[in-house]
Amino acid sequence: MEHMNAIPVFVAVVEEGSFAAAARKIGVTKSAVSKRISQLEADLGVQLLHRSTRKLSLSEAGEQYFIHAVQSLAAAQNAEDAVAQLQGAPQGRLRINTPMSFGRLHIAPLIPEFLAAYPGVGVDMVMDDRVVDMVQGGFDLAIRVRSLEDSALIARKLAPCHNVLCAAPSYLEKHGSPMHPDDLLGHNCLQYAYASAIHTWRFETQDSSEFINLEVTGNYQVNNSEALYTALVAGVGIARLPTFIASADIAAGRLVPLLSEYKLPSQTIYAVFPERRHLPAKVRVFIDFLAEKIGGDHPYWERAIIE
């Protein structure tokens, strides 16, 4: 089937959003990409892409073809992975999805060391705070900081994700420190837009004898933890942050933890991957690498504020 050779080109065009970007990704000319897509549409007898001077969009047939094209590429990759298992050394392309802040702060710095240790493996990492469909997105592995809801995924716990309520010294000097959760009703509480309950903050005493749910308000809401962190350090208000973002600043005195006698809800950091007959060696060694570097139940980013 001649058009099978066009599938990787078609997938690249859809993922990259243009012929030019797809050409750069796969290392061919833009005209070669355009010719291959036109020939694919001619072979199939349907239009897969709507073209305009500003952007490309999928036709209804193109949407269906893209779903199956991604699956076919994943199946081909699985076949290569099964063969690679027999060859011993991990190899091939490892496609990773990770949340933006955690990926930038704690995954990206480890990639050079991983690539040096496993020269046969290449990494494609996509950072996105939205939860993506791993199979449709063609990902081998994803990092999830949440409770898992998709039973089709296999998970390995990497570390707990503790949260801390904190503010900059400059904010506290001007507005005072809350002594009880109820005091937060008089403070500017900054919001993380992807939180499960954006405006409801939950507190629990250390002995679990008391639970408090507060409807807080503030003048800033954002869908990225690092953007929230920037406003926090600047003294804009009080916010909840994961310790993987806040720990270094707490240790340095740039942020002050608040209401430490209360516990905030926590999550878990997982490495997840689709269920497969053969776990590719490239996935297995990367998960083991992350687990070793992060440190399990006592992640390295918390040691500075615990010790």
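Which side chain meets Arg104 in a salt bridge? Keep that in mind while you load the view. This is a predicted model.

**Whole chain**

Show the protein chain as a cartoon. The secondary structure comes to 12 helices and 15 strands. Along the principal axes, the C-alpha atoms fill a box of roughly 70 × 45 × 30 Å. Colour by burial next: of the 307 residues, 41% are buried. Switch to a surface. Now look at contacts between residues at least 6 apart in sequence: 74% of them join residues at least 24 apart.

**Stop 1: Arg104**

Select Arg104 and Glu226. Glu226 is the partner: the two side chains meet in a salt bridge, at 2.3 Å from N to O. Arg104 belongs to helix 5 (residues 100-107) and Glu226 to helix 9 (residues 225-233), so the bridge ties together parts that are 122 residues apart in sequence. Compare the two ends. Arg104 is partly exposed, at 44% relative accessible area. Glu226 is buried, at 15%.

**Stop 2: a salt-bridge network**

A search of the whole structure finds 12 salt bridges. Select Arg95 and Glu15 for another one. Their closest N and O atoms are 3.7 Å apart. This pair links distant parts of the chain, with Arg95 in strand 3 and Glu15 in helix 1, 80 residues apart. Is Arg95 buried or exposed? Arg95 counts as buried because its relative accessibility is 17%, under the 20% cut-off. Glu15, at 31%, counts as partly exposed.

Stay on Arg95 and show its surroundings. Strand 3 covers residues 92-98. Beyond neighbours within four places in sequence, Arg95 is in contact with Glu15, Asp124, Val126, Gly137, Gly138, Phe139, Asp140 and Leu141.

Salt bridges that share partners join Glu15, Glu16, Lys25 and Arg95 into one network.

**Stop 3: helix 2**

Select residues 19-26, which form helix 2. Phe19, Ala21, Ala22 and Ala23 are buried here. What do the buried residues of helix 2 pack against? They pack against helix 1 (7-16), helix 3 (30-44), strand 1 (49-51) and strand 2 (56-58). Step just past the helix to Gly27. Its phi is positive, about 80 degrees.

**Stop 4: Ile250**

Move to helix 10, residues 243-252, and pick Ile250. Its relative accessible area is 15%, so Ile250 is buried. Leave aside neighbours within four places in sequence, and Ile250 is in contact with Val164, Leu255, Pro257 and Ile305. Val164 is 86 residues away along the chain, and its C-alpha atom is separated from that of Ile250 by 9.9 Å.

**Stop 5: a charged patch**

Return to the surface. Select Asp182, Asp183, Asp207 and Glu210. These residues gather in a patch of negative charge. Zoom in on Asp183. Where is Asp183 found? Asp183 sits in the loop between helix 8 (169-175) and strand 8 (191-192). At 34% relative accessibility, Asp183 counts as partly exposed.

How values were computed. Residues numbered from 1 in each chain as written. Heavy atoms only, no water. Patch = residues over 30% accessible without salt bridge, like charges linked within 9 Å, V, L, I, M, F, W, Y side chains within 5 Å. Areas by Shrake-Rupley, 256 points an atom, 1.4 Å probe, with all protein chains shown as cover. Salt bridge = Lys/Arg side-chain N within 4 Å of Asp/Glu carboxyl O. Lys, Arg positive; Asp, Glu negative; His and termini not counted. Charge placed at Lys NZ, Arg CZ, Asp CG, Glu CD. Helix = DSSP H or I, 4+ residues; strand = E, 2+ residues; numbered from the N terminus. Buried < 20%, exposed > 50% of the residue type's maximum accessible area, 1.4 Å probe, protein only. Contact = heavy atoms within 4.5 Å.
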